[in-house]
Amino acid sequence: MKNVSRIDKRNNKKNSIISKESLTQENITRQKRGYLNKDYISFHLTDHAGTEYEYHYHDFDKIYILIKGDVTYRIEGRAYHLQPNDIVLVKSGLMHRPEVNGADIYERIIVYIDPLFLSSFCGSGCDLGTCFDNAALKSEYVFRMPAVIKSRLWQSVRSFESAELDSSSGRFAASLYDRTRFIEMMIELNRAAMDEDTEYVSREDGGRALEIIDYINAHLTEDLSIEKLSSHFYINRYYLMHIFRDETGGTVGNYISSKRLLMARNMIRSGTAATQACFGCGFGNYSAFYRAYKKEYGISPGTSVICKDDMLRE
């Protein structure tokens with residue numbers, strides 16, 4: 001584990017299931033990061049700044065709350081300079097990474113949530129995943145709250161943290177209490193995100209890479225060769241690849257492949273045949289798709305069925 005001086009000892013048992021390599025969530029280049037085998041899990045992490053984090057994505061939704069540190073958070077080419085207590089909402093499948101500046105203590109709260117669990121609360125105007133859906137739809141991922149809202153939400157966050165730590169204590173109804181506090185926190189989070197007094201943080205200039213990312217996502221199933229992109233943006237192909245890597249830390253090809261694989265995976269889970277998903281998400285060759293899919297997820301496309309445990313362990 002790199003540059004981690006202290007992590008709350010009370011989370012050690014939970015932390016062991018979340019990653020195959022370390023407790024740090026954000027340091028594998030453009031790869032799926034973290035493994036979830038329950039409906040939700042939280043972490044309160046503290047370490048010294050200095051670790052570099054690469055772009056990655058998750059199969060689950062993520063709440064990130066900065067407590068201390070000088071952090072710029074990047075999501076899909078958009079950059080946000082955070083202040084303490086800012087809340088970042090990252091929907092599953094979005095490429096993101098934090099940039100930790102300076103040498104200060106870096107403290108944050110992170111909550112991973114299974115989207116299927118959130119969807120179980122749909123109906124009667126109480127879809128707890130609304131905050132993530134709206135953030136992705138509007139590309140408004142970071143919000144800052146006035147004190148009156150912050151007090152309600154923070155109380156629910158702290159109550160949830162306490163309940164999480166107590167959930168395996170064996171006390172009467174500990175797991176039910178934990179789930180109740182989680183639902184309460186999600187209700188307060190959605191209310192805060194919808195409140196007219198809540199301030200959504202403006203992104204910093206994302207440069208040309210942001211334009212390229214937006215175009216790719218809008219035309220994911222079409223021809224997205226470097227030649228096509230360079231022609232569309234009137235940029236030399238080598239310069240296009242250079243600015244994309246310089247501004248995002250990854251390559252155009254890897255970004256397109258990751259997004260198409262995610263799209264294919266969702267199609268297959270919805271019942272689409274693997275072959276149809278391959279060509280429907282923009283791959284032109286099934287053999288190449290098969291190899292990429294198995295490398296990314298560790299299973300063949302044909303075995304990617306809708307199964308909660310399989311989905312969360314891959």
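How exposed is Asp-127? Asp-127 is partly exposed, with a relative accessible area of 27%. The report below starts from the whole protein and then returns to this residue and others.

## Overview

This is a predicted model. The protein has 314 residues, of which 49% count as buried. Its secondary structure comes to twelve helices and twelve strands. Among contacts between residues at least 6 apart in sequence, 72% join residues at least 24 apart.

## Nonpolar cores

The largest nonpolar core has 51 residues, and Ile-63 and Met-186 are those with the most contacts inside it. Apart from this core lies another, of 32 residues, among them Tyr-55, Leu-240, Ile-268 and Ala-277.

Setting aside residues up to four places away in sequence, Ile-63 touches Ile-87, Val-88, Leu-89, Ile-109, Ile-110, Val-111, Ile-113, Phe-132, Met-185, Met-186 and Leu-189. Several of these names return in the next section.

## Helices H3 and H5

Two packed helices are described by the angle between their axes and the distance between the axes. For helix H3 (residues 130-138) and helix H5 (residues 174-194), the angle is about 35° and the axes are 9 Å apart. On the H3 side, the residues in contact are Thr-130, Cys-131 and Phe-132. On the H5 side, they are Met-186, Leu-189, Asn-190, Ala-193 and Met-194. By class, this contact has six nonpolar residues, two polar and no charged ones.

H5 has 21 residues, and the distance from its first C-alpha to its last is 30 Å, close to the 30 Å expected at 1.5 Å a residue. Its buried residues are Ala-174, Asp-178, Phe-182, Met-185, Met-186, Glu-188, Leu-189, Asn-190, Ala-192 and Ala-193. An α-helix has 3.6 residues a turn, so residues three or four places apart point the same way.

Asp-127 lies in the loop between helix H2 (115-119) and H3. Leaving aside neighbours within four places in sequence, Asp-127 is in contact with Leu-118, Phe-121, Cys-122, Asp-133 and Asn-190. Asn-190 is also one of the H5 residues that meet H3. Asp-127 and Ile-187 are 60 residues apart along the chain, and their C-alpha atoms are separated by 9.2 Å.

## Helix H6

Helix H6 (residues 207-218) has twelve residues, which at 1.5 Å a residue should span 16 Å; its end C-alpha atoms are 18 Å apart, which agrees. The buried residues of H6 are Ala-209, Leu-210, Ile-212, Ile-213, Tyr-215 and Ile-216. What covers them includes strand E7, H7, H8 and helix H9 (252-269).

Thr-72 lies in strand E6 (residues 70-75). Thr-72 counts as buried because its relative accessibility is 7%, and the cut-off for buried is under 20%. Beyond its neighbours within four places in sequence, Thr-72 is in contact with Ala-79, Tyr-80, His-81, Arg-97, Pro-98, Glu-99, Asn-101 and Glu-204.

His-48 is in strand E3 (residues 40-48). His-48 is partly exposed, with a relative accessible area of 39%. The C-alpha atoms of His-48 and Ala-103 are separated by 6.7 Å, although the two residues are 55 residues apart along the chain.

## Positive phi angles

Most residues other than glycine have a negative phi. Glu-76 has a positive value, near 50°. Glu-76 is in the loop between E6 and strand E7 (78-81), and it is buried, with a relative accessible area of 4%.

Tyr-234 also has a positive phi, near 55°. Tyr-234 is in the loop between helix H7 (226-233) and helix H8 (237-248). Is Tyr-234 buried or exposed? Tyr-234 is exposed, with a relative accessible area of 78%.

## Cysteines

How many disulfides does a search of the whole structure find? The search finds zero. A disulfide is a covalent bond between the sulfur atoms of two cysteines.

Cys-278 counts as buried, at 0% relative accessibility. Cys-126, in contrast, is partly exposed, with a relative accessible area of 36%.

Methods: Residues numbered from 1 in each chain as written. Predicted model: local features only at pLDDT ≥ 70, side-chain atom pairs only at ≥ 80, totals over all residues. Heavy atoms only, no water. Axes fitted to C-alpha atoms, helices over the stretch in contact; angles between N-to-C directions. Helix = DSSP H or I, 4+ residues; strand = E, 2+ residues; numbered from the N terminus. Contact = heavy atoms within 4.5 Å. Nonpolar A, V, L, I, M, F, W, Y, C, P; charged D, E, K, R; others polar. Disulfide = S-S within 2.5 Å. Buried < 20%, exposed > 50% of the residue type's maximum accessible area, 1.4 Å probe, protein only. Expected span 1.5 Å × (residues − 1). Core = buried A, V, L, I, M, F, W, Y, C linked by side-chain atoms within 4.5 Å.
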